[in-house]
Amino acid sequence: MKFKDYYETLGVKRDATQDEIKNAYRKLARKFHPDVSKEADAEARFKEMGEAYKVLKDPEKRASYDQLGANWQNGQDFQPPPNGDAGFEFSGRGGHPGFGDSSDFGDYFEQMFGQQTGWGRSHRRAMHAQGEDHHAKVQIDLEDAYRGAERSISLRLPVVDENGHVTTRERTLSVTIPKGIRAGQTLRLAGQGGAGIGEGKAGDLYLEIAFRPHPRYRVDGRDVYLDLPLAPWEAALGASVKVPTPEGSVELTIPANSSSGRKLRLKGKGIPGKEAGDLYVVLNIALPPADSEAAKEAYRTLQQAFDFNPRASL
């Protein structure tokens with residue numbers, strides 16, 4: 001998709017107040033409304049302005065847009081990063097859905113935040129009311145899910161200051177990560193959400209768990225995957241090799257005549273739980289480089305030793 005400069009669409013500066021954004025949208029909406037405008041592109045312009053205003057009018061969506069768009073220019077190809085909202089604290093009582101693919105940058109924010117934001121709501125009439133629940137996505141290491149951990153987590157809550165500018169309030173929490181937690185599961189921190197009104201209790205904070213990208217492992221539910229390089233002779237003749245797991249190294253027997261892509265299962269070595277996941281070792285045959293005359297001669301000898309055509313089935 002193309003990154004769109006919503007500030008340029010509404011004709012405001014990036015440090016515009018919320019009132020300035022609202023006034024700019026109203027002015028342009030009157031000018032380009034399809035029912036009254038004589039401009040040839042009025043309908044398209046009106047749709048673009050609505051998309052921009054939908055994001056910039058909401059402090060939470062605007063704060064994340066500013067972060068995601070900091071290094072992008074208008075018209076550039078843009079792919080929303082996975083877990084792009086990690087570390088942001090959102091108000092509202094409904095969780096935000098997952099990311100998924102989106103053909104439109106505005107749709108991305110709709111997927112990212114849904115309808116849960118609480119900004120601009122009318123004041124509660126009751127003298128005493130419980131505070132709003134808050135939601136945030138946090139990233140942990142895969143190893144934390146294997147062992148459990150105590151982690152210090154920093155969250156950023158977008159707020160509107162007294163001058164109408166969107167700022168970010170930061171806070172740090174100590175969080176217990178239980179052993180066996182999976183990506184997508186939620187931790188509830190009682191009383192850590194929005195403040196109550198009068199004698200009302202504070203709301204709760206719900207933390208959705210995501211795993212940081214790991215240089216070695218991939219995760220699918222409770223199952224974990226590891227790509228294991230093998231020398232050709234290890235795959236052909238079989239071997240016993242040391243394999244790393246998040247719980248430590250284990251010896252794995254490679255059956256003779258193994259091919260690339262073969263999966264070997266280490267039962268119960270995935271993420272712990274009542275029904276622990278498995279760890280799948282995916283074999284990947286790595287060829288030695290022919291970077292010397294001796295190495296090239298070894299390949300020639302191998303070529304002569306086998307009547308083998310890898311493309312025979314084609």
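What follows is a short exchange on this predicted model.

Biologist: In the open sheet of four strands, what is the strand order?
Modeller: The edge strands, each pairing on one side only, are β1 (89-91) and β5 (186-189). The pairing within the sheet is mixed. Read across, the order is β1-β2-β6-β5.

Biologist: By how many degrees are neighbouring strands of this sheet turned against each other on average?
Modeller: The average is taken over neighbouring strands of the sheet, with direction ignored. The value is 25 degrees.

Biologist: Which residue in β6 is the bridge partner of K137?
Modeller: Strand β2 covers residues 134-140 and strand β6 covers residues 205-211. The two pair in the parallel sense over seven bridges. The partner of K137 in β6 is E208.

Biologist: Is D161 buried, partly exposed or exposed?
Modeller: D161 lies in the loop between β3 (149-160) and β4 (166-177). Its relative accessibility is 27%. Buried requires under 20% and exposed over 50%, so D161 counts as partly exposed.

Biologist: What distance separates the C-alpha atoms of D161 and T17?
Modeller: Along the chain, D161 and T17 are 144 residues apart.

Biologist: Which residue takes a positive phi in the hairpin of β7 and β8?
Modeller: Strands β7 (residues 217-220) and β8 (residues 223-230) pair in the antiparallel sense over four bridges, and R218 has Y225 as its bridge partner in β8. Two residues lie between the strands. The residue with a positive phi, near 65 degrees, is G221.

How values were computed
Residues are numbered from 1 along each chain as its sequence is written. This is a predicted model: local features need pLDDT of at least 70, side-chain atom pairs count only at pLDDT 80 or more; totals for chains, interfaces and linings use all residues. Side-chain values use heavy atoms; hydrogens and water are left out. Two strands pair if DSSP finds at least two bridges between them. Axes are lines fitted to C-alpha atoms, for helices over the stretch in contact, and angles run from 0 to 180 degrees between N-to-C directions. Buried means under 20% relative accessible area, exposed over 50%, partly exposed in between (1.4 Å probe, protein chains only).
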